[in-house]
Amino acid sequence: MRLHSERVVPIGAAAILLVASVLSYAPAPSAGENQGGPVALGSEPRLAVGGSNELQFEPVAAGDESYAPIEVAGLLGGREVTTPASGPGPLVEPGAQSEPQVDGAFLDDGTLLKPIAVDTSIADSSGMLERYKVQSGDTLVGIADKFDVSMMTVWWANKLSSKNDLKVGQVLVVPPVTGLVATVKEGDTLEGLAKTYGIDPAEIVETNQLDDPTLVIGQTVILPGAAGAGIPTPKPTPKRVVSSSGNARAPVTYSGGAFVWPVVGGNNYISQYFRYGHYGLDIAATYGSTVRAGAAGTVLYAGWRSNGGGYQVWIGHGSGLYTTYNHMAGVSVGTGQGVARGQQVGRVGSSGYATGPHLHFEVWTGPIWNGGSRVNPLRYF
């Protein structure tokens, strides 16, 4: 009986499947036995055929251009498996995690040595401090004005102990704002420092541009608005003064004429002018420079006085006109002594409430500190 071509194809497919099933129960070939391919169980592409708990592969002849990689799904022990679409390779269960490949040096116990660069830098505000070299005639007040901070800020930042500490060529540090410069010690915290100095912790963070409010020992921080100890008042050192006879009354009339400049030396200059709140001239000069009387008259007072002027001399010139010379290192005349125009009365210093060597020169109309008033000295030169 002649078979129709439509029935031949199913019969052929069934025969191939039967042969494949028989082969699946055949013993596994040895590594060296020829199985129809170039090398048994070699790397040549094979097609997976499902149906048993062990996958079998149908060899494909080397160089067969009709072979194309396909994705075949089957059942293996009740689990669904898939062959890679790109060709031969290991079977992977859907959803399974592949083991990551890590490059690096490993110890014997499997520890991976991974070098890590650790950032150990801390926010430090020392870079915010300005440096200033003291010049001839500088005073703390003048330096502070240049940087728009208080005079005491410069005093505290440089841990000065005397108003005479300034020396030409000395380098001072100046904070960017009025306040204190602190070095963090063991136990210091942002909140603790803020409470100690009565300031807002947020202002410390903002001024120092801190990303982390945790302070580190040795860290430099600026405390805006904080205040330290005041300038100690020096104990007056006895000075020998020249005594003179006669009463200490000013001349009746002023002889007239312009005053001579009260400080001798080419390095002096006016560091502060007469203005509201500052009723005199501050003439900065080298410590020890000669101070002289602006006009002829009588010495009404010479010595130390606890009014902030330190060592000072008062002179009456007549016609209700008086001059005072303050913050001197010492006096060289005595009360009641007559002096000539331009005669030495003392030397430039920084006694009393002063932060650098200078002469504070005043002109009074009317009795000094007894009903008189101070006027701009520049009108008399």
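Helices (H or I, at least four residues) and strands (E, at least two) are DSSP runs, numbered from the N terminus. The model is predicted, so local features need pLDDT of at least 70 and side-chain atom pairs count only at pLDDT 80 or more, while totals for chains, interfaces and linings use all residues. Residues are numbered from 1 along each chain as its sequence is written, and side-chain values use heavy atoms, with hydrogens and water left out.

The secondary structure of the protein chain comes to five helices and 20 strands. Of its 381 residues, 34% are buried (under 20% relative accessible area; exposed is over 50% and partly exposed in between, with a 1.4 Å probe and protein chains only). The chain exposes about 22900 Å², and carbon and sulfur atoms supply 55% of that area (Shrake-Rupley method, 1.4 Å probe). Among contacts (heavy atoms within 4.5 Å) between residues at least 6 apart in sequence, 61% join residues at least 24 apart.

The second largest pocket holds about 400 Å³ of space. Of the 23 residues that line this pocket, Gly308, His327, Tyr353, His360 and Glu362 are the closest to its centre. On a 1 Å grid over the protein atoms alone, a pocket is an open set of points where a 1.4 Å probe fits, with protein on both sides within 12 Å along at least five of seven lines; lining residues have an atom within 4 Å of a point. Strand S15 (310–318), strand S16 (321–331) and strand S19 (358–365) each supply at least two lining residues. By class, the lining has seven nonpolar, 13 polar and three charged residues; Ala, Val, Leu, Ile, Met, Phe, Trp, Tyr, Cys and Pro count as nonpolar, Asp, Glu, Lys and Arg as charged, and the others, Gly among them, as polar.

Histidine 360 belongs to strand S19. It counts as buried because its relative accessible area is 11%. Its side chain makes a polar contact of 2.8 Å with that of glutamate 362 (a pair of N or O atoms within 3.5 Å; within protein, one must be able to donate a hydrogen and the other to accept it, and residues adjacent in sequence count only if both atoms are side-chain atoms). Beyond its neighbours within four places in sequence, histidine 360 touches several residues, including His278, Asp282, Thr324 and His327.

Lysine 146 lies in helix H2 and counts as exposed because its relative accessibility is 52%. Leaving aside neighbours within four places in sequence, lysine 146 is in contact with Tyr132 and Asp138. Aspartate 200 caps the N-terminal end of helix H5 (residues 201–208), where a side-chain oxygen lies 3.0 Å from the backbone nitrogen of alanine 202.

Most residues other than glycine have a negative phi. Aspartate 148, in the loop between helix H2 (140–147) and helix H3 (151–157), has a positive phi near 60°; this residue is exposed, at 69% relative accessible area. Lysine 159 sits in the loop between H3 and strand S8 (171–174), with a positive phi of about 50° and a relative accessibility of 71%. Glutamine 209, which follows H5, has a positive phi near 55°.

Serine 255 is placed in the loop between strand S10 (220–224) and strand S11 (269–272), and is exposed at 71% relative accessible area. Serine 255 and histidine 317 are 62 residues apart in sequence, and their C-alpha atoms are 8.0 Å apart in space.

Methods:
Grid points are joined across faces, edges and corners, and a volume is the space filled by probe spheres set on the points.
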